2 protein chains.
Amino acid sequence: MYANEMPRYEILSEDAMEVLDRGWRRIVSELGIEFMLPEAVDYFRSAGQKVDGDKVFLDPEFVLEQVAKAPREFDLVARNPDRSVHIGGDHMVFSGVYGPPFVREGDTRRDAKMADFENLVRLAQSFPELDSPGGTICEPEDRPLDSRHLDMVYALQTLSDKPYMGSVISAENARDTVAMGEILFGGSLPDSPVSISLINCNSPLRWDDRMLSAMLEYNRAGQAVITTPFLLMGAMSPVSIPATLVQQMAEALSGIALAQLVQPGCPVVFGSFLSNTDMKTGSPSFGTPESAIGLLCTGQIARRFGLPFRSGGGLNASTVVDAQAAYESLMTMLPTFLAGANFVMHAAGWLEGGLVSCYEKFIVDIELLRMLKHEFQPLEVTEESLAFDAHQEVGAGGHFLGAAHTLLHFRDCFYRPLLSSTDNFDRWTKGGGLDATARAAQIWRDTLDAYEQPPIDDGVRGALRDYVARRRIELGDEPVPTPAF
Amino acid sequence: MYANEMPRYEILSEDAMEVLDRGWRRIVSELGIEFMLPEAVDYFRSAGQKVDGDKVFLDPEFVLEQVAKAPREFDLVARNPDRSVHIGGDHMVFSGVYGPPFVREGDTRRDAKMADFENLVRLAQSFPELDSPGGTICEPEDRPLDSRHLDMVYALQTLSDKPYMGSVISAENARDTVAMGEILFGGSLPDSPVSISLINCNSPLRWDDRMLSAMLEYNRAGQAVITTPFLLMGAMSPVSIPATLVQQMAEALSGIALAQLVQPGCPVVFGSFLSNTDMKTGSPSFGTPESAIGLLCTGQIARRFGLPFRSGGGLNASTVVDAQAAYESLMTMLPTFLAGANFVMHAAGWLEGGLVSCYEKFIVDIELLRMLKHEFQPLEVTEESLAFDAHQEVGAGGHFLGAAHTLLHFRDCFYRPLLSSTDNFDRWTKGGGLDATARAAQIWRDTLDAYEQPPIDDGVRGALRDYVARRRIELGDEPVPTPAF
């Protein structure tokens, strides 16, 4: 898997870090954090923290003691051991877009369906640039809400052999995710987590009951969680990057402290989803200068606490896969590499502020990931790399295309694009005059055509199907046709 | 003007720098550099360097002695003193695309005309993100080759009051540029240069006679030059980044050494134009991982020599203003800021590998510059910036849109886009469903409509016109109608 061995780009001074450190301490101790789940409040009360209703006033040193119990790094196990990944350190894990209720396919924008979910998981499985399809790669609106998570987890487990994200709608859904993980791994879970799940804070300063109850299930089962403040500055946080950073610390650390109270040493990730409101329209903005700065700072902060951290991915506010979609996405993805994010959600397919999973954007994002993984490799500067013999051979005013050194290295000397074209105008015109988005459409269709489902034991698949069928009925939903995979 | 006070992103170790240092020394001393202008060779011979025909074998220590005479920083003077810029240190100067024979306007691609040249200069004048229109913002194919430079310099001097780049086709053209500079500045040039000109190396390891003869004119007149190796790896340099970096050092430094022999202390810039060939098609690639790495290294190298450095700008190989054009451009522009390039050519309008000056791309690039200048500002982290009062006011689960802190700061708290849209799908559809390129077309047209020519003294303008008219006849070309500006 990919490890980013390039330097981190850190922009906060020691003084700035100290100001931020004072900031989050003041928030957790003076303002407190609301935990809308009584069980969570009980954990804090029992541990000696001051409680007032749903609100917990946290001693910062107590928070740090809990945070210190979290592993600095951990493995996330895939059913195919070659697909297992490591979370933390220099490692960077990339997963697909998460959550959109709509899909875009060329000029068509429509409600997402289960068939889209499956196709997007197939795409995520097909590209080695993604370590995980993620979880809710789109919201399949044609499946009933109560049992939809069963179909999603089944598709994630069978159409892909990469690690996946679990359902976080409720404790019950989390239990289903854990149970299906046990089946997938032959009856019992390995020591390291097989799923990682997104626990969003209801920012500012509040954790809701559904997310928390799901989190506790995952903590107890040793499954990884990402405690993520959801921060659009101007809406869920003040219109100030430092103020937002301290809020992010207060929220993420309070969630991690709870997780460590529930299950000391359980795997957690410091989450960040930080952008800003467009103050002219009130709409969310993505790929902004502020979000890039926030990302760089977040990396530095998470490392200070010894925690792996999560960031957004190819975020953008554009409606179509145009220049804006591309530059906003790269405006977050390049800082993601500079910051060395350990778990990158929404790394492929995000469009329209996260309302849309887009097939063509998926391919654009894969190209960005390929380029950046190539770019963020240490440059080897050795005597041999100076290729003095090539200079001797070619001499002044010559041409290197036919040089012996070139012939030896031409196959792998440079990045080879998936999507980008260097065709000149005539050749491009003769090829149909397709822009990058039109070419991306060809690529995802070809990729789906070439997709092969990773092998899975028939008994395991049968047991998963039985579980889904049984649980669907228990949840009060009608049976659906057995999937073909 | 803009100064980049963020940290530089440096990726070369001290060991790597030493390997590179040995590399360029070996090239200049063992392989030598060709100077196709006898006068240039004479300079080196007189200074005791070993010469064989056009080839000069340079003592690296001698090269460094010459390079040390170059100013570390200098002013580039504009006719409007408010538009003068500083080159070197943390300062970053941005200029327009340079050289394309074609223009693109929406779906139309055609030969560039003088009217396009003028319009693109007007656009460059209109946006504060550009410090200079550059020089040949497109090649006006409807003007005779011999006297075209007069029309271009006149348009640069009168349609803009920003600093400009001079003609480098020949010594004679350079003399015209200098003479027109003298007229523009009331009869004599100020102490600091009023023009900066691009002297390309005929890489590998050869300087041609026309560029060199132009350079010598500029050196003698105290006008700034950028000695730029022109390096597409695989064609003009080996298929290795380190090999290309040492070639770049050998070439750029040899040109600077000559400039300092001609006129000790004359203003120079370490030039870099470094990308790679697509080894599958043989075509030039831009916005590649290799070009980004090369750019980061170049900054570190130039700083080591105490020289300001120049880089490319919004480079890309795309035919149209699509996702590829955008991500490739940002893939060079963001590293340009990380590297702290002092003079950035092609910062707006570049399309199709530099064959096309594109109006819509110009606007996309202006948006990128605006975003990056906003992003690359040190973050102020103070107690006040933590906005604790806002957190107190809003509390858990609240909303910051109406908070007192927000109302106080909402106007200037975040970057405000020129081109990017955050409109939701319905609003975007009602607004005509325009993608970023279509919106860019509206912006450049509106900008041209709103353009006002900066005032210029009638006597100066008359003298410039007389000079152009006289020289055109001397150069054997037919008179053209007097421009309306």
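## A salt bridge in chain B

Let's start with B:Asp423, which counts as partly exposed at 23% relative accessibility (buried is under 20% relative accessible area, exposed is over 50%, and partly exposed is in between, using a 1.4 Å probe and protein chains only). The side chain of B:Asp423 meets that of B:Arg427 in a salt bridge, 3.1 Å from N to O. A salt bridge here is a side-chain nitrogen of Lys or Arg within 4 Å of a carboxyl oxygen of Asp or Glu. B:Arg427 is exposed, at 54% relative accessible area.

A quick note on the source: this is a predicted model, where local features need pLDDT of at least 70 and side-chain atom pairs count only at pLDDT 80 or more, while totals for chains, interfaces and linings use all residues. Residues are numbered from 1 along each chain as its sequence is written, chains are lettered from A in the order in which they are written, and side-chain values use heavy atoms, with hydrogens and water left out.

## More charged pairs

Side chains of opposite charge can pair when their charged atoms come close. Over all chains, the structure holds 58 salt bridges. One of them joins B:Arg143 to B:Asp151, at 3.3 Å from N to O. Are these two buried or exposed? B:Arg143 is buried at 18% relative accessible area, and B:Asp151 is buried at 7%.

Over in chain A, A:Asp458 forms a salt bridge with A:Arg461, with the closest N and O atoms 3.3 Å apart. Both sit in helix H16 (residues 458-474), 3 residues apart, or about one turn of the helix. (Helices are DSSP runs of H or I with at least four residues, numbered from the N terminus.) A:Asp458 is exposed at 58%, while A:Arg461 is partly exposed at 22%.

## Rings that pair up

The structure also holds 27 aromatic pairs over all chains. Rings of Phe, Tyr and Trp (its six-membered ring) pair if their centres lie within 6.5 Å; planes under 30 degrees apart count as stacked, over 60 as edge-to-face, and the rest as tilted. A:Phe337 and A:Phe376 make a tilted pair, 5.4 Å centre to centre with 40° between the planes. A:Phe337 lies in helix H10 and A:Phe376 in the loop between H11 and H12, so the pair ties together parts that are 39 residues apart in sequence.

Methods
Helices (H or I, at least four residues) and strands (E, at least two) are DSSP runs, numbered from the N terminus.
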